Amino acid sequence: MNRRSRVVRRFLHPGAWWLWAGCGAFVALRTTNPLLLGLLLAVVAYVVVCRRSDAPWAHTFSAALRLGALVIVIRVVFQVVFGNRIPGTTLFTLPAVDLPDWAGGVSVGGPVTLESVVGAAYQGLRLAVVIACFAAASSLCSPYRLLRSLPSVLYEAGVAVSVALTAAPQAVVSARRVREARRLRGRSGRGLRTWTDVALPVLEGALERSVALAASMDARGYGRRGSAAPMARRGAAGLTMLGLMAAAVGSYGLLDASAPFVLGVPALSLGLLALAGALLLGGRRSQRSRYRPDPWAFPEWVTAFSALAMVVGIVVAGRAGAVLEPSVQPLEWPSLPWAAAAGIAVGVLPAWLTPLPPMLATLDAGPTAPERRSLPKPWPPAAPSLSVSPSRAEAAP
Amino acid sequence: MIRFDRVSFTYPDALVPALHEVSFEVPEGELCLVIGPTGSGKSTLLRAVNGLVPRFTGGRLTGTVSVDGRPTEAWAPRELADIVGVVGQDPAAGFVTDLVEDELAYVMENLGVDPSMMRRRVEDVLDLLGLHDLRQRPLATLSGGQQQRVAIGSVLTAGPRVLVLDEPTSALDPAAAEEVLAALTRLVHDLGITVLVAEHRLERVVQYADRVVIVGGDDPAAVDAPSGGPAAGRVSVGAPVDQLAVSPVVPPVVALGRAVGWTPLPLSVRDARRRAGELRGHLVGVDPPARRARSGEVLARTTGLFAGYGSLTALRDVDFEIRSGEVVALMGRNGAGKSTLLSQLVGLAAPQRGSVDLAGSAPHTLAAREVVRRAGLVPQDGAVLLYHDTVEAECSASDHDAGLPAGATRRMLDRLVPGLAPDAHPRDLSEGQRLGLSLAIVLSAEPPLVLLDEPTRGLDYAAKHRLAEIIAELAAEGRGVVVATHDVEVVAEVADRAVVLAEGEIVADGPARDVVVHSPVFAPQVAKVMAPEAWLTVAEVVAALPAGVRA
């Protein structure tokens with residue numbers, strides 16, 4: 001079959017990865033079955049490991065896994081301290097405090113049952129898997145690449161978002177430097193003064209960088225007047241806003257079974273129509289062109305197909321009455337719904353049927369020491385690596 | 001091509017205009033160099049070319065700036081993107097995308113260039129600037145020189161007829177700076193692009209310039225400033241040779257030419273070397289003055305030091321010591337480990353292996369207050385030391401932090417960068433003035449060991465000269481000074497000992513004269529002119545000449 005696309009390294013279309021990850025997140029939201037969630041997590045992690053590039057942004061996935069673990073822990077702790085008292089096997093008993101009625105009559109502490117802890121862990125796991133899905137998408141393709149393939153009417157809003165996204169990691173770096181600088185001035189200790197000392201320069205630095213970036217973008221033609229009339233421009237912007245809002249309401253209506261029907265399909269359709277109108281109007285006025293747009297070819301179709309298979313699997317399983325939300329009271333060992341599991345398993349196809357991403361950092365064989373700092377570790381570790389090994393070898397004598 | 005017509009500009013809330021009645025013209029195809037003392041308004045002038053001043057700064061601009069007949073009052077910067085490319089001081093701050101190739105294409109996407117044309121231009125620019133090996137590299141992994149070349153390329157793909165660069169080499173090591181300048185001259189000579197470039201280290205560019213614009217500063221302490229230069233906020237324009245005769249800032253070869261009365265003045269080492277035969281003849285058998293010998297007590301020492309960040313080792317097995325009363329220059333490529341060594345000496349991080357000894361203790365275990373009394377470090381971006389909203393508040397906070405009598409920091413500041421308004425905001429100061437302020441804050445604590453990381457970045461010759469005087473005074477008071485720098489002229493002026501780092505290892509450690517003179521990269525201009533004799537600075541040469549030879 002399409003052997004050539006396997007051989008030539010290229011980035012997969014970002015839309016394909018985001019579709020795949022979005023469907024994964026959808027599946028995760030539909031179930032608390034730990035077997036399905038575990039399978040999904042394994043599939044997502046395997047694809048990331050096989051198909052992520054060696055660029056700096058490709059290293060968010062392990063951080064997301066740690067974040068997910070933290071989410072589970074927090075969810076369980078909250079359940080233990082504040083949660084509903086589900087009767088069942090008591091693991092241990094915390095001293096109970098009943099808050100008065102005006103505080104909502106919440107009870108704190110009391111007997112902690114195995115059932116409540118397991119239920120909380122299921123829900124935490126579901127959230128962790130959703131986080132992992134989105135982290136997978138951002139590891140597999142850079143946020144900027146996704147932005148580039150957006151229709152031009154969304155592009156300008158998208159750039160604002162991407163600037164905001166880069167601000168966070170830069171703020172972390174700048175906070176570290178400011179803390180070091182405090183030490184150089186002979187200030188140590190904690191308290192309010194530390195916060196003002198660190199926060200103000202970090203904020204000022206972020207503002208300055210934003211202004212510098214804005215100046216650079218402006219000087220490079222960002223937001224040039226197109227040939228279209230101002231009316232069309234404003235019309236497109238208005239339609240975009242309206243469409244996004246309607247689409248948001250519509251999706252909410254679809255997910256929440258108790259919402260009135262009009263908030264579901266009709267609102268979503270209205271939103272999509274408005275967005276399409278905005279695209280048409282905006283596309284006409286835009287004079288942007290695109291450099292080497294990512295193609296949508298066989299691997300992209302495979303990815304999209306596997307994404308849909310995951311969704312179809314879980315929906316079919318749900319219709320057939322499979323246990324997507326296993327009971328915790330009484331506590332039962334969850335069974336594996338075969339249709340859903342098969343769908344999720346299809347989601348692993350992109351790990352084999354998509355092209356490898358280009359090698360980025362290792363193209364140039366001789367970076368100097370501090371450059372290596374920002375270079376990622378090669379994956380898998382046994383892969384031929386031109387970039388990192390000498391310093392590693394030295395560091396572990 | 002670029003035309004300033006009676007342009008005056010005043011920043012918001014400023015009393016004095018930054019530019020005053022500036023009129024000049026740069027014809028097509030010229031390389032025009034903008035020089036002037038620290039804080040004189042060079043950046044303001046450059047950013048006015050495409051209207052970033054006043055559109056991104058506020059303030060009031062009168063008169064007309066026009067490029068290729070388009071006045072900036074009617075044309076916003078984005079509408080000028082097809083004819084003017086502007087590259088700022090910090091290239092990384094202006095990057096929008098994350099891969100080299102995308103960054104190069106960004107401006108063309110905005111201009112709506114046809115895709116096949118875009119593809120071709122990106123290839124052309126990759127070749128022109130020698131970036132083809134880097135095309136798919138993430139921008140964050142590039143070195144300083146590579147980033148600067150990508151920044152130039154990212155405006156060049158639009159096919160501009162004017163290129164404006166603000167200190168393109170100020171953060172680069174000598175080799176990377178050569179790389180960028182070579183690319184620039186190629187653009188001027190092969191493509192006929194008009195280039196307007198500001199640069200503090202004139203020795204690197206003045207020989208390539210067709211025209212020099214001097215922006216006058218109101219710096220009372222400018223050394224060797226002959227009368228005839230422009231007043232504050234005004235400019236004078238002319239051929240390089242004439243302009244350098246009156247410029248308040250000149251590179252060492254020109255200073256040497258002035259000192260021995262050569263006319264026309266030499267602009268490059270090559271010019272000077274051709275004339276210097278006689279001069280060298282006068283100095284045969286004369287030994288250059290000796291620098292301070294290593295004698296004092298050891299202030300800090302590292303033994304078998306490995307250090308770095310995370311899994312990266314930036315320093316490997318470094319044995320280094322600094323004694324009181326000596327000035328050590330720390331040299332090496334961008335990223336050779338200079339900054340890591342300095343931060344180890346003040347204990348910003350624990351060593352990975354080996355040990356650091358700062359006056360008897362391991363610095364990373366000491367309290368901050370204790371460290372600043374033993375060693376003071378001015379980091380590379382001196383601005384991170386500043387928290388307060390006026391110069392005065394910074395000074396009094398610093399007096400307070402170090403337990404000094406009121407006014408001590410202010411006096412130190414006046415010695416470095418005189419005449420800063422007490423109510424000025426530190427972020428409104430020029431790069432050089434800001435650095436002066438952070439330097440004053442660190443020096444005010446009177447530490448016996450002073451560490452300076454790239455202190456001359458953004459400083460003009462006068463400010464560098466004052467810095468050199470201060471360093472000499474500090475050494476005379478018995479302090480040890482370590483200067484990590486790319487600036488070979490500063491090394492030539494102040495250093496007793498030079499240490500060269502490469503890939504985290506010390507590759508040379510010895511008297512500054514021996515280390516720098518024979519290195520093609522690290523030798524100062526005077527050493528290149530006077531080779532094979534080991535003279536480093538104009539002052540040394542002039543002092544050794546017989547009285548009749550001096551001008």
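I take a nonpolar core to be a set of buried Ala, Val, Leu, Ile, Met, Phe, Trp, Tyr and Cys residues joined through C-beta atoms within 7 Å. I count a residue as buried if 20 or more other C-beta atoms, placed from the backbone, lie within 10 Å of its own.

I note that this is a predicted model, in which local features need pLDDT of at least 70 and side-chain atom pairs pLDDT 80 or more, while totals for chains, interfaces and linings use all residues. Residues are numbered from 1 along each chain as its sequence is written, with chains lettered from A and ligands numbered from 1 in the order in which they are written.

Entry on the cores. I looked up the largest nonpolar core and found 198 residues, with B:Val34, B:Leu196, B:Val483 and B:Val516 having the most contacts inside it. Helix α16 (residues 461-476) of chain B gives the most to this core, nine residues; helices here are DSSP runs of H or I, at least four residues, numbered from the N terminus. I also recorded a second, separate core of 38 residues, which includes A:Val47 and A:Ala340.

Entry on the chain contacts. I counted two residues as in contact if their C-beta atoms lie within 7 Å. On this basis, 67 residues of chain B are in contact with 57 residues of chain A. The largest share of the chain B side, eight residues, comes from α3(B).

Entry on one helix. I looked up α4 (residues 60-82) of chain A and found buried residues, including A:Phe61 and A:Val76. The buried residues of α4(A) pack against α3 (34-51) and α5 (114-140) of chain A.

Terms used:
Helix = DSSP H or I, 4+ residues; strand = E, 2+ residues; numbered from the N terminus. Expected span 1.5 Å × (residues − 1). Buried ≥ 20, exposed ≤ 12 C-beta atoms within 10 Å, placed from the backbone.
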